[in-house]
Amino acid sequence: MTDTTAADAPSPVELEIQRIRGLMEKGQFAEALPAAESLAATVPQNRDVLYLVAVCQRYLHRIADALTTLGELEKSHPRFSLLYQERGHCYVAQRDAPNAIHAYQQAVNRNPALVSSWTKLVTLYRMTGQQDNAQTAAAHIEVTSKLAPEVLTATGLFADGDRTAAERIIRPYLLRKPDDVEAMRLLARIALELDVLDDADLLLASVVELAPDYRAARYDYARTLLKRHKHAAGVEQLEILLKAEPDNRTYRTSYATAWVGMGDHEKALTLYRDLLVDAPRAPDILLSIAHTLKTLGRQPEAIDAYREAAASRPHFGDAYWSLANLKTYRFTPDEIAAMQASEASAEIQTDDRLHMCFALGKGFEDLGDYARSFEYYERGNALKKSDSPYRAEFVEQNTTEQKNVCSESFFAARRGWGCQDADPIFIVGLPRAGSTLLEQILASHSQVEGTMELADIATAVVELEGHNKDNVHRVYPKVLETLEDADFRRLGEKYLADTRVYRSGKAFFIDKMPNNFRHIGLIHLMLPNAKIIDARREPMACCFSNFKQLFASGQDFTYSIEDIARYYRTYIELMDHWESVLPGRVLRVQHEDVVDNLETNVRRILDYCGLPFEPGCVEFHKTKRSVRTASSEQVRQPIFRDGLDQWRNFEPWLSPLKSHLGELVP
């Protein structure tokens, strides 16, 4: 027997919860309730304590009090399935069948392993004459009864947000029963939530092979493929599902989103609009339509769609932020007042609040009220940062490892390795550094295809990393030392094959994933003839622009001044290293120089890429193409200098940023 460590020992709160549960198991609810209420006063948002209070109140026939307690529990823990089951029990005690049915439905929708809720639903459906629903609920009980106890328990834990506890149960079970598709799917769903996408992909591919008619698992597989930017494969899985259930709105919505990922925005727009036929006020569909119109450059229509989305539900922060994220949109006084009221509301969800904060930051910046603008930007970043696992030291450690592995002699010994095709043009750097402008310039050339921020290099890194999830002892980049020419050639050929779906036949194409600056060594070994452009921007302007930006996903380094500065420093350190060991391999383009002298820099970029000059590259704003990044509207206008020094409006609050950047600030 091993000793219990301090980390594993129950806390005083957990010990008291165990004692209260012991009283309840003995039926001593009159003694348990005051103890639970006393504990709730100490930890007012503790999920388990509030739940125990509500259960005791129900057993003591204080139903109204129990429902009030459950309402408080829902505010802080809306995913907790047992609160909905308990609410159903309360409504049963009040003989309120409609509300009881609704509560139990909410419970099983969150946690399909709740046998008690299914059993109650069978009875209630039969009482109210809903025989078909009763049969469906009974079928769920039968399915649940066939699950192994470990799977049933872990499913309940996962449904209520206890991922770690669920994984501790399901992993050892799978070692004993490796072909249990329910256990495999559950472990994949845990991996999907933790963003361990390669694990989820592998597990779900096995599940759909073992159980091809298991639609829920196939849908999880499709979602995983889309998150991994394997859009063509995701479309294929969704088409299988839609063939079986052509009217399934969930499948149809994901199918439309998959075509966004494929770059066919006109098709996606048609699919989204078809979804509005049955639900004309669906907030998320309206928002997706607005995003698609924005990408297509149809700004007036996009603005109308964003406004319609904002009106479709209260406190819809993402709709307001999306208007702000057009960069060229200016809020009306009424819109700013509405956003302030929403942001201050006790009813608003955290995600909506942080979107509102960033939108209000932009709104007050446009009004010239920089103090209030910075206050909202700072509040929004703090909210986002509180939910982020980002740690700067991991990035800095990786930079050191890249420099140690990717030396001048390392590359000299591998000269000429890899796939020799020269099709890709990589644009790397930090977000908000002018990369979209460079992409638009190059995509205006007749021989260059503008695609999007492709995730294929990151996917190659994941493949090299394998199943190692230890951030401290990463396999990559050290693993590069073990690879042969054939390995790098295979990676380069796979990259070209996987990205072909985004191309239409032009000789060259752009991959504008900014974070690829971390992988220039790998890119060089995979594709030694690819072009690489470093989009560089003055540090204060670049860092503060990132601080103002709420990204749809990733870029977790942008939500604190210190993290942004440290990331910028490691970016400069690594780019200096690449120039030292691969001199002339990367073309650095300074954003401020492009703005000040456009044609000279356009010619310089085209010369580096081996392309003849075309006037259309200087008149890039006239090019009609889809642009998905935050600068989409700015690159559809002639170049202007006004935005270069906007950070100076906030200079009174940016001393910490200057301090962290140190000697990098001119």
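Predicted model: local features only at pLDDT ≥ 70, side-chain atom pairs only at ≥ 80, totals over all residues.
Visitor: Let's start with rings: how many aromatic pairs does the structure hold?
Guide: There are 25 aromatic pairs. Take Tyr51 and Phe80 as one of them.

Visitor: What makes the pair of Tyr51 and Phe80 edge-to-face or stacked?
Guide: The ring planes sit at 80 degrees, with the centres 5.6 Å apart. Pairing needs centres within 6.5 Å, and planes over 60 degrees apart count as edge-to-face, so edge-to-face is the label for Tyr51 and Phe80.

Visitor: And which parts does that pair tie together?
Guide: Tyr51 belongs to helix H3 (residues 47-59), while Phe80 is in the loop between helix H4 (63-76) and helix H5 (81-93), so the parts being tied together are 29 residues apart in sequence.

Visitor: How do you know whether Tyr51 and Phe80 are buried or exposed?
Guide: Buried means under 20% relative accessible area. Tyr51 comes in at 17% and Phe80 at 3%, so Tyr51 counts as buried, and Phe80 is buried too.

Visitor: Which residues form an aromatic cluster?
Guide: One cluster is made up of Tyr370, Phe374, Tyr377, Phe544, Phe547, Phe650 and Trp653.

Visitor: On to charges: what makes Asp423 and Arg503 a salt bridge?
Guide: The cut-off is a side-chain nitrogen of Lys or Arg within 4 Å of a carboxyl oxygen of Asp or Glu. For Asp423 and Arg503 the closest N and O atoms are 3.1 Å apart, and they form a salt bridge. Asp423 lies in the loop between helix H24 (408-412) and strand E1 (424-429), and Arg503 in the loop between helix H27 (485-499) and strand E3 (508-511), so this pair ties together parts 80 residues apart in sequence. Asp423 is buried at 18%, and Arg503 is buried at 18%.

Visitor: Why is Glu599 called partly exposed?
Guide: Partly exposed covers what falls between buried, under 20%, and exposed, over 50%. Glu599 has 38%, so partly exposed is its label. Arg603 is at 35% and counts as partly exposed. Glu599 and Arg603 form a salt bridge with the closest N and O atoms 3.1 Å apart; being four residues apart in helix H32 (residues 598-608), they are separated by about one helical turn.

Visitor: Which residues do salt bridges that share partners join into one network?
Guide: Glu343, Arg353, Glu375 and Arg379. Within that group, Glu343 and Arg353 form a salt bridge, with the closest N and O atoms 3.6 Å apart. Glu343 sits in helix H20 (residues 333-344) and Arg353 in helix H21 (residues 350-366).

Visitor: Last one: why is H9 called roughly parallel to H11?
Guide: Helix H9 (residues 149-159) and helix H11 (residues 181-193) pack at about 20 degrees, with axes 10 Å apart. Angles under 35 degrees count as roughly parallel, so H9 is roughly parallel to H11. The crossing of H9 past H11 is left-handed.

Note on methods:
Residues numbered from 1 in each chain as written. Heavy atoms only, no water. Phe/Tyr/Trp six-rings, centres within 6.5 Å; stacked < 30°, edge-to-face > 60°. Helix = DSSP H or I, 4+ residues; strand = E, 2+ residues; numbered from the N terminus. Buried < 20%, exposed > 50% of the residue type's maximum accessible area, 1.4 Å probe, protein only. Axes fitted to C-alpha atoms, helices over the stretch in contact; angles between N-to-C directions. Parallel < 35°, antiparallel > 145°, perpendicular 65-115°, else oblique. Left-handed = near helix turned anticlockwise from the far one by under 90°.
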